[in-house]
Amino acid sequence: MTESKLLSTATGKPMDPSAAAEFLHLDVKTITRWARQGYLPAHPLGEGKRKFWRFFEWELSEWLMEKTNGGKAA
């Protein structure tokens, strides 16, 4: 398997805030606020005050596992 194919398999496509909110069963405003605060693993696109946030499912899954299992990721 090539490196680029391996990387795309490991990371998946980035999700927008509405998809991340649906994945975590939270409100879109909560997702955006937590991303801005650095509480949620997120990737800002753009400069200045208005950013476009993107999320990876595997990062959100790991974050959720840490929050629900007392800080111990599987």
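T32 touches P17 and W53 when residues up to four places away in sequence are not counted; contact here means heavy atoms within 4.5 Å. This is a predicted model, in which local features need pLDDT of at least 70, side-chain atom pairs count only at pLDDT 80 or more, and totals for chains, interfaces and linings use all residues. Residues are numbered from 1 along each chain as its sequence is written, and side-chain values use heavy atoms, with hydrogens and water left out. The chain has four helices and two strands, and their order along the sequence is α-α-α-β-β-α.

**Overall figures**

- Helices (H or I, at least four residues) and strands (E, at least two) are DSSP runs, numbered from the N terminus.
- The chain has 74 residues, and 23% of them count as buried; buried means under 20% relative accessible area, exposed over 50%, and partly exposed in between (1.4 Å probe, protein chains only).
- Among contacts between residues at least 6 apart in sequence, 43% join residues at least 24 apart.

**Nonpolar core**

- The largest nonpolar core has twelve residues: M15, A20, A21, L24, I31, A35, L40, A42, W53, F55, L60 and W63.
- Three helices each supply at least two residues of this core, namely α2 (17-24), α3 (28-37) and α4 (57-68).
- Helix α2 gives the most to this core, with three residues.
- A nonpolar core is a set of buried Ala, Val, Leu, Ile, Met, Phe, Trp, Tyr and Cys residues joined through side-chain atoms within 4.5 Å.

**Packing of α2 against α4**

- Two packed helices are described by the angle between their axes and the distance between the axes.
- The axes of α2 and α4 cross at roughly 35° and come within 11 Å; axes are lines fitted to C-alpha atoms, for helices over the stretch in contact, with angles from 0 to 180 degrees between N-to-C directions.
- The crossing of α2 and α4 is right-handed, meaning that the near helix is turned clockwise from the far one by less than a right angle.
- From α2, the contact is made by A20, F23 and L24, and from α4 by E57, L60, S61, W63 and L64.
- By class, six nonpolar residues, one polar and one charged make up this contact of α2 with α4; Ala, Val, Leu, Ile, Met, Phe, Trp, Tyr, Cys and Pro count as nonpolar, Asp, Glu, Lys and Arg as charged, and the others, Gly among them, as polar.

- L24 lies in helix α2 and counts as buried because its relative accessibility is 11%.
- Apart from neighbours within four places in sequence, L24 is in contact with I31, L40, L60, W63 and L64.
- L24 and S61 are 37 residues apart in sequence, and their C-alpha atoms are 8.8 Å apart in space.
- H25 is placed in the loop between α2 and α3 and counts as exposed because its relative accessibility is 72%.
- The phi of H25 is near 60°, a positive value in a residue other than glycine.
- Most residues other than glycine have a negative phi.

**T32 in helix α3**

- T32 has its place in helix α3, and it counts as buried because its relative accessibility is 19%.
- T32 and A42 are ten residues apart in sequence and 9.1 Å apart in space, C-alpha to C-alpha.

- P44 lies in strand β1 (residues 43-45), and with a relative accessible area of 40% it is partly exposed.
- K51, F52 and W53 are in contact with P44, leaving aside neighbours of P44 within four places in sequence.
- From P44 to F55 the separation is eleven residues in sequence and 9.0 Å in space, C-alpha to C-alpha.
- G12 lies in the loop between α1 (3-11) and α2, and it counts as partly exposed because its relative accessibility is 35%.
- G12 and F55 are 43 residues apart in sequence, with a C-alpha to C-alpha separation of 9.9 Å in space.
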